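Visitor: I have this model open and want a quick tour. Can we go through a few residues, a pocket and the packing?
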Amino acid sequence: MEVTAFQVDTLVPPKDDLLAKIQASALSLEEHDVIAISSKVVSIWKGRCVPAKDIEKDDLIRQEAGLYLERSEVPGGYVMHTITEGLLMPSAGIDPFADYFVLWPENPMRVAEELLAWFKATYKLEHLYVVLTDSRSVFLRRGVVGVALAWAGFEPLYDGRVRTDLLGFASGGSQTNVPDSLAATAVLAMGEANEQTPVVRIRNAPYVRENQTGRKEVFNSFTFDMNEDLFAPFMNRLPWKKGRKSTDAQG
């Protein structure tokens, strides 16, 4: 698998032309490439920026979250944990940039499909795949890792449960979370500071071109109700409050 980050001219909030800046970059594509893009530059392209002087960040988080925990519930009060767009994410994905708060794109799955269509038309290719990325902390680990906010062009789950092991026996394997695996790879290449490389090309990525005809018939939805989650014993004990986007909270 070949992972390459591309420098793109800085996008300036509240709105800027991401597509023109990608075209002006050194990005080149071949059939079956994955294009991973930071959700922040996508948000600026879509004008999803709010002047910081107009609203308190915590009020904006409550507005953008499905469910949220008050800062008083978090050690040190460093963040407000939220669930929205099917993700557990600090601060509903909101980041400060210049004099603005940059939100997540509205309807990120639809935006991913829009970008996929643009890449196919612009680069005159038929088989491409898109992932919109962000980063977050994970349980019992310091530091952040990439996560997929949205994706387009491929199935998000690769079913390893139907495979056999090296001796030919049923493997009893699990399913591979393809979008988050690609996002983690891409965000590592993007960096987290001033690298100015929000676009990553992943070549020869596994699973994205798989035509899965032999899937098992259970547990095939990528997102699901929080009560079905393996972490439900922890999550359901927390004093979640409903945000304005509470209908999104359960994924």
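Visitor: Start with Ser39. Which residues is Ser39 in contact with, neighbours within four places in sequence aside?
Guide: Ser39 is in contact with Trp104, Pro105, Thr133, Asp134 and Leu149. Contact means heavy atoms within 4.5 Å.

Visitor: What am I looking at, and how is it numbered?
Guide: The model is predicted: local features need pLDDT of at least 70, side-chain atom pairs count only at pLDDT 80 or more, and totals for chains, interfaces and linings use all residues. Residues are numbered from 1 along each chain as its sequence is written, and side-chain values use heavy atoms, with hydrogens and water left out.

Visitor: Is Ser39 buried or exposed?
Guide: Buried, because its relative accessible area is 0%. The cut-offs are under 20% for buried, over 50% for exposed and partly exposed in between (1.4 Å probe, protein chains only).

Visitor: Which helix holds Ser39?
Guide: Helix H2, residues 39-45. Helices (H or I, at least four residues) and strands (E, at least two) are DSSP runs, numbered from the N terminus.

Visitor: Now Asp180. Where does Asp180 lie?
Guide: In helix H5, residues 178-190. Asp180 has 17% relative accessibility, so it counts as buried.

Visitor: What does the side chain of Asp180 reach?
Guide: The backbone nitrogen of Ala148, at 2.8 Å. Leaving aside neighbours within four places in sequence, Asp180 is in contact with Gly146, Val147, Ala148 and Phe222.

Visitor: How far is Asp180 from Leu132?
Guide: They are 9.8 Å apart in space, C-alpha to C-alpha, and 48 residues apart in sequence.

Visitor: Leu132, then. Which residues touch the most other members of the largest nonpolar core?
Guide: Ile37, Val42, Leu115, Phe119 and Leu132, out of 35 residues in that core. A nonpolar core is a set of buried Ala, Val, Leu, Ile, Met, Phe, Trp, Tyr and Cys residues joined through side-chain atoms within 4.5 Å.

Visitor: Which element gives the most to this core?
Guide: H4, with seven residues.

Visitor: What does Leu115 touch, beyond residues up to four places away in sequence?
Guide: Leu19, Ile37, Val42, Trp45, Val130 and Leu132. Another core, of 18 residues, lies apart from the largest one, and Ala148 is among its members.

Visitor: Last topic, the lining of the second largest pocket. Which element supplies its largest share?
Guide: E9, with five residues. The lining divides into 15 nonpolar, twelve polar and seven charged residues. Here Ala, Val, Leu, Ile, Met, Phe, Trp, Tyr, Cys and Pro count as nonpolar, Asp, Glu, Lys and Arg as charged, and the others, Gly among them, as polar. On a 1 Å grid over the protein atoms alone, a pocket is an open set of points where a 1.4 Å probe fits, with protein on both sides within 12 Å along at least five of seven lines; lining residues have an atom within 4 Å of a point.

Terms used. A polar contact is a pair of N or O atoms within 3.5 Å; within protein, one must be able to donate a hydrogen and the other to accept it, and residues adjacent in sequence count only if both atoms are side-chain atoms.
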